[in-house]
Amino acid sequence: MKKIEGILLDVDDCIAPAYWDILEENIKKINEILDNGIKIWILSNGQNIEERINKIQERVWNRLEICNTWTKPNPETFLKACEQLNIAPENVLLVWDDNLNRWLSSPKR
C-alpha cells in the first residue's frame, strides 16, 4: 500500500484563481496537510509567482518547498522534486491544472 508523503502543487487554477491570491480555504487545508507531516512543493510558472508564493509562505510559516519555474507535466522535473523532497515518486501526488483542456474549453478560442 502506498502512502502519500509529498504533494507537488501548482498555484494557478489549483489553489488560486489564475494570477490571483490563494484562496483562504486552501491556506487552511495546506496547513492541515503540513501539520500531518506531508511535504508540499510549490511548482508554478505563473505571473508574479514569487510575490504570490511569498504571501503563501507567510501564512504557512515558511514550510513549503518552492520551485517557481516548471513545465508540466515534465517527468524530469517530477523526479527531481521527488529526489529533493527525499520521497519515492510512488509516494508523491501531483496536482496541476491542465492548460490544454483549459485552452480547448475557452470561449475565446
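1. How does Asp21 count in terms of relative accessibility: buried, partly exposed or exposed? In this predicted model, Asp21 counts as partly exposed, because its relative accessibility is 41%, and a value between the 20% and 50% limits falls in that class.

2. Asp21 has a charged partner: its side chain meets that of Lys55 in a salt bridge, with an N to O distance of 3.5 Å. Asp21 belongs to the loop between β1 (6–9) and α1 (24–35), whereas Lys55 lies in helix α2 (residues 49–59), so the pair ties together parts that are 34 residues apart in sequence. Lys55 is partly exposed, with a relative accessible area of 36%.

3. A salt bridge also joins Arg59 and Glu24, whose closest N and O atoms are 2.0 Å apart. Because Arg59 is in helix α2 and Glu24 in helix α1, this contact ties together parts that are 35 residues apart in sequence. Arg59 is partly exposed at 31% relative accessible area, and Glu24 is partly exposed at 40%.

4. Asp35 pairs with Arg63 in a salt bridge, the closest N and O atoms being 2.8 Å apart. Asp35 lies in helix α1 and Arg63 in the loop between α2 and β3 (65–67), so parts 28 residues apart in sequence are tied together. Asp35 is exposed, at 55% relative accessible area, while Arg63 is partly exposed, at 29%. The whole structure holds 4 salt bridges.

5. Turning to nonpolar side chains, Ile4, Leu93 and Val95 make a surface patch of about 210 Å². Leu93 is found in strand β4 (residues 92–95) and counts as partly exposed, at 36% relative accessibility.

Notes:
Residues are numbered from 1 along each chain as its sequence is written. This is a predicted model: local features need pLDDT of at least 70, side-chain atom pairs count only at pLDDT 80 or more; totals for chains, interfaces and linings use all residues. Side-chain values use heavy atoms; hydrogens and water are left out. Patches are made of residues with over 30% relative accessible area and no salt bridge: like charges are joined within 9 Å, nonpolar side chains (Val, Leu, Ile, Met, Phe, Trp, Tyr) within 5 Å. Accessible areas come from the Shrake-Rupley method with a 1.4 Å probe; for residues, only the protein chains shown count as cover. Helices (H or I, at least four residues) and strands (E, at least two) are DSSP runs, numbered from the N terminus. Buried means under 20% relative accessible area, exposed over 50%, partly exposed in between (1.4 Å probe, protein chains only).
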